[in-house]
Amino acid sequence: MKGSNMVDENMESKQSPTAKQLMEAFMMMVRTFRDDPSGIPGCKRSHVMLLYCLKQASEAEALGLRISDISKRLKVTSPTVTQWVNELEAGGLVVRKGDGEDRRVVRVQLSDKGEQVLMKVKDVWLQTFNGLVEYLGEQESQSLAASLVKALSYMQQHRDRLKQTSLGGDM
């Protein structure tokens with residue numbers, strides 16, 4: 001325990017006040033949207049991600065997606081996707097259907113109720129960001145958007161560099 005406090009203190013002493021402020025702002029954003037990203041009570045982030053995945057796929061894959069396809073797209077394990085699909089199916093947001101060509105294959109499709117939930121989530125997010133533009137003003141909102149895109153680019157490059165080092169490989 002004592003050693004971990006020293007690490008924390010050493011990290012803090014090396015961190016600029018601006019870097020600390022940025023880190024705290026990012027962490028507050030993550031915490032704010034981690035559990036309830038949709039603004040709709042009871043609508044989990046994982047469920048919204050899966051519903052959006054099915055919505056995007058429905059334009060190209062009218063038959064729906066297999067669990068393994070969803071797993072690859074969302075970069076989560078098949079058992080996790082199966083659990084999410086079970087939860088969404090119980091709520092009537094998705095349906096499972098057999099594949100016409102291969103009876104062993106089960107495909108997952110967005111239901112009408114799932115479509116409605118996605119429209120509601122989209123409306124909530126549009127209201128949220130339109131309100132943010134009103135709150136910040138047009139110019140500050142454009143500046144924030146440009147800064148966030150630039151920050152994301154840096155974070156992705158930094159993450160990729162870490163993956164190439166022994167530190168990133170051990171994590």
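Which residues form a nonpolar patch on the surface?

**View 1. A nonpolar patch on the surface of the predicted model.** The patch is formed by L22, F26, F129, L132, Y135, L144, L148, Y154 and M155, which together have about 900 Å² of accessible area. Two or more of these residues come from each of α2 (17-34), α6 and α7 (138-164), and α7 gives the most, with 4 residues.

**View 2. Y154 in helix α7.**

**View 3. Helix α3 and its buried residues.** Helix α3 runs through residues 45-58, and its 14 residues reach 20 Å from the first C-alpha to the last, close to the 20 Å expected at 1.5 Å a residue. Its buried residues are S46, H47, V48, L50, L51, C53, L54 and A57, and they pack against α4 (67-74), α5 (78-90), β1 (94-98), β2 (106-110) and α6 (112-136).

**View 4. The largest nonpolar core.** This core has 22 residues, of which L50, L51, L54, I70, V85, V94 and V108 touch the most other members. Two or more residues are given to the core by each of α3, α4, α5, β2 and α6, and the largest share, 6 residues, comes from α3.

**View 5. The surroundings of I70.** Leaving aside residues up to four places away in sequence, I70 touches L50, C53, L54, L65, V81 and V108.

Note on methods. Residues are numbered from 1 along each chain as its sequence is written. This is a predicted model: local features need pLDDT of at least 70, side-chain atom pairs count only at pLDDT 80 or more; totals for chains, interfaces and linings use all residues. Side-chain values use heavy atoms; hydrogens and water are left out. The expected span of a helix is 1.5 Å times one less than its number of residues. Buried means under 20% relative accessible area, exposed over 50%, partly exposed in between (1.4 Å probe, protein chains only). Contact means heavy atoms within 4.5 Å. A nonpolar core is a set of buried Ala, Val, Leu, Ile, Met, Phe, Trp, Tyr and Cys residues joined through side-chain atoms within 4.5 Å. Patches are made of residues with over 30% relative accessible area and no salt bridge: like charges are joined within 9 Å, nonpolar side chains (Val, Leu, Ile, Met, Phe, Trp, Tyr) within 5 Å. Accessible areas come from the Shrake-Rupley method with a 1.4 Å probe; for residues, only the protein chains shown count as cover. A salt bridge is a side-chain nitrogen of Lys or Arg within 4 Å of a carboxyl oxygen of Asp or Glu.
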